[in-house]
Amino acid sequence: MKYSDFLDLGYKPGKDDIIALFRIRPSGMSMKEAAARVASESSNGTWSELPETALVRRIAAKVFWMGAHYVKIAYPLELFELGSMPQLYSSVAGNIFGMKAVESLRLEDIHFPRKYLHSFRGPQFGIKGVRRFMGVKKRPLLACVPKPKVGLTSSEHAKVGYDIWTGGIDLLKDDENLTDQRFNRFEKRVEMSFRMRDKAESETGERKSYLVNVTAETREMLRRAKLVSDIGGEYVMADILTVGWAGLQTLRDECQDLGLAIHAHRASHAAFTRSLEHGVSMAVVADSARLVGVDQLHIGTVVGKLVGSTKEVKDLERELSSEIVTEERLIKKESHLLEQDWGKIKPVFPVSSGGLHPGILPDVVQILGKNIILQVGGGIHGHPDGSHAGARAVRQAVELITEGKKLSETRDKELRVALDLWGRFKPK
Ligand code: CAP
Ligand code: MG
């Protein structure tokens, strides 16, 4: 088979095909030539002509649609190993990004057929399950990461937990790079924080939980997850890209047995999602995380400290929480989604985080709706009256937003102080 055999613009994808949408900028050749090379290298071809058997022809990918900048490629299901996220990435997000045939290449979205979808577990709890065990029906769930992100001792960390839980926050969250440092040992932190959690629950009468970062080498990560379950936790948190898809799949299996939900932090994603011309989009990462089965995933804020356009962040919310995603027209330079029926794979709770504070929470809810988790770190601990007051200000803001009122109507001191300090400041 030669490169041109991977182009078939008359092909109609079958119901079992995996479809990938790429943005391609060819290098010194036509779009057709570049697209055929991408289909070849991401399925079963190479630069030299190969003898073709019936099997080789059958599992070859086909470029079946081309626009000015985008192409769609269909991959027969047989090319893939069911239930293996690493193998999917080795194919459709593998060698192709380094091909001399392309100036740049971006994998924008993937459509999965039902057979492939159902070879993965998907979330154990999803949005409804999390709302049920947290006992929060309508308002956004609230999370808070201690700051400094690293640099508190285990007991200081637990004390911050107590302050924010009793201030009205539902979830204490570890930072992505807080794991098991000398000054803040994992086991001690977990033990002390859960003791505080129990105290906060009995004092407030509300359900409280802790997103415990178990990120580590895979076997150690499983050991830490077991510890969380033994102590009565509901969640583990993992930095899904730095532990890798294989590690995450193993953790997902373990969490099924332990009955734990997974909070997914996406640290390092922007290394390959940020360029709109090259790499893998965050939508693909979100799809993959939903398939493997995380229960909550960071998607951005639009108005906070990290990059993410309104369109991109809204698309991520749609991809995570819809049962059926409908395809939209391709828009130049923006992200866009392929059609996807998620079947029995549950929706994932979108987490908006990074530079949030009370004054800009209404903007986030206006963009994403109320079925989200709002995570606030610096915007709580930077409150002039401390973390407890900062937590109260966030809860007061969210109560007003949920009732459809303006923050300026507040009579609460803590919220007033936060609004006077930050107004609608957008951090950078
Ligand atoms: C937020 C955060 C998260 C970012 C990650 C932080 O803290 O805990 O890591 O939100 O980005 O340490 O920066 P602040 P994303 O509330 O203090 O900003 O959510 O986009 O994945
Ligand atoms: Mg962080």
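Leaving aside residues up to four places away in sequence, R121 touches R252, D253, Q256, L291, V292 and I345, where contact means heavy atoms within 4.5 Å. The model is predicted: local features need pLDDT of at least 70, side-chain atom pairs count only at pLDDT 80 or more, and totals for chains, interfaces and linings use all residues. Residues are numbered from 1 along each chain as its sequence is written, chains are lettered from A and ligands numbered from 1 in the order in which they are written, and side-chain values use heavy atoms, with hydrogens and water left out.

- R121 is in the loop between α4 (114-117) and α5 (126-134); helices (H or I, at least four residues) and strands (E, at least two) are DSSP runs, numbered from the N terminus.
- With a relative accessibility of 41%, R121 counts as partly exposed; buried means under 20% relative accessible area, exposed over 50%, and partly exposed in between (1.4 Å probe, protein chains only).
- From R121 to K226 the C-alpha to C-alpha distance is 20 Å, and the two are 105 residues apart in sequence.
- R114 belongs to helix α4 and is partly exposed, at a relative accessible area of 45%.
- R114 touches D341 and G343, again not counting residues up to four places away in sequence.
- R114 and W342 are separated by 228 residues in sequence, but by 7.8 Å in space, C-alpha to C-alpha.
- K314 is part of helix α12 and counts as partly exposed at 41% relative accessibility.
- The contacts of K314, not counting residues up to four places away in sequence, are I367 and L368.

**Packing of α8 and α9**

- Helix α8 (residues 218-230) packs with helix α9 (residues 240-258) at an angle of about 30°, the axes being 10 Å apart; axes are lines fitted to C-alpha atoms, for helices over the stretch in contact, and angles run from 0 to 180 degrees between N-to-C directions.

**Backbone features in loops**

- The K147 to P148 peptide bond is cis, with omega near 0°, and P148 is in the loop between β5 (141-144) and α6 (154-166).
- S268, which is not a glycine, has a positive phi of about 90°.
- The loop between β9 (261-265) and α10 (270-273) holds S268, which counts as partly exposed at 43% relative accessibility.
- V302, also other than glycine, has a positive phi near 70°.
- V302 lies between β11 (296-298) and α12 (310-321), in the loop, and counts as partly exposed at 23% relative accessibility.
- V302 and K314 are 12 residues apart in sequence and 9.2 Å apart in space, C-alpha to C-alpha.
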